[in-house]
Amino acid sequence: MTYLATFHTHFGAMRFLKQCLKESISAKMMPVPRELSASCGVCVRLESVCAPSVPEHEDMERCYIMTSNGAYVPLGG
């Protein structure tokens with residue numbers, strides 16, 4: 001599944017990306033899509049069998065699942 005995680009700070013996104021790569025999770029940093037908002041303007045797109053948990057990553061703003069038609073659905077409500 002494809003997930004998109006937004007962050008409050010650029011540093012938080014960089015730390016999360018580094019953690020994903022360390023755990024061999026395919027991930028890349030990219031600009032936040034226009035229809036989503038984030039304080040820092042960057043997000044991390046990742047391919048994983050399970051979604052990252054927002055409480056586990058203190059700087060993560062929100063996590064979305066990317067649907068097959070390209071829409072972003074927020075996880076957890």
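P31 touches G41, V42 and C43, leaving aside residues up to four places away in sequence. This proline is found in strand β2. The model is a predicted one. Its protein chain has 1 helix and 5 strands. Along the sequence they follow the pattern β-α-β-β-β-β.

- P31 counts as exposed because its relative accessibility is 60%, and exposed means over 50%.
- P31 and C20 are 11 residues apart in sequence.
- In space, the C-alpha atoms of P31 and C20 are 17 Å apart.

**Overall dimensions**
- For 77 residues, a compact globule would have a radius of gyration near 11 Å.
- The protein chain has 11 Å, so it agrees with that expectation.
- Taken along the principal axes, the C-alpha atoms fill a box of roughly 30 × 25 × 20 Å.
- Of the contacts between residues at least 6 apart in sequence, 56% join residues at least 24 apart.

**Surface, burial and charge**
- The accessible surface of the protein chain is about 4,700 Å².
- Carbon and sulfur atoms account for 56% of that surface.
- Buried residues make up 39% of the 77 residues.
- The protein chain carries 7 positive and 7 negative charges.
- The mean positions of these two sets of charges lie 6 Å apart.

**The largest nonpolar core**
- This core has 15 residues.
- Those with the most contacts inside the core are F7, F16, C20, A27, V44, L46 and M60.
- At least two core residues come from each of β1 (2-7), α1 (10-22), β3 (42-47) and β4 (60-66).
- Helix α1 gives the largest share of the core, 4 residues.
- F16 touches A5, F7, V44, L46, P52, H57 and M60, again without residues up to four places away in sequence.

**Another core**

**M66 in strand β4**
- M66 lies in strand β4.
- With 22% relative accessibility, M66 counts as partly exposed, because buried would mean under 20%.
- Once residues up to four places away in sequence are set aside, M66 touches T2, R45, A71 and Y72.
- M66 and C40 are 26 residues apart in sequence.
- Their C-alpha atoms are 20 Å apart in space.

**S24 in a loop**
- S24 lies in the loop between α1 and β2 (26-31).
- S24 has a positive phi of about 60 degrees, although it is not a glycine.
- S24 counts as exposed because its relative accessibility is 68%.

How values were computed
Residues are numbered from 1 along each chain as its sequence is written. This is a predicted model: local features need pLDDT of at least 70, side-chain atom pairs count only at pLDDT 80 or more; totals for chains, interfaces and linings use all residues. Side-chain values use heavy atoms; hydrogens and water are left out. The radius of gyration is taken over C-alpha atoms; the globule rule is 2.2 Å times the number of residues to the power 0.38. Buried means under 20% relative accessible area, exposed over 50%, partly exposed in between (1.4 Å probe, protein chains only). Contact means heavy atoms within 4.5 Å. Accessible areas come from the Shrake-Rupley method with a 1.4 Å probe; for residues, only the protein chains shown count as cover. Lys and Arg count as positive and Asp and Glu as negative; His and the chain ends are not counted. The place of a charge is taken as NZ of Lys, CZ of Arg, CG of Asp or CD of Glu. A nonpolar core is a set of buried Ala, Val, Leu, Ile, Met, Phe, Trp, Tyr and Cys residues joined through side-chain atoms within 4.5 Å.
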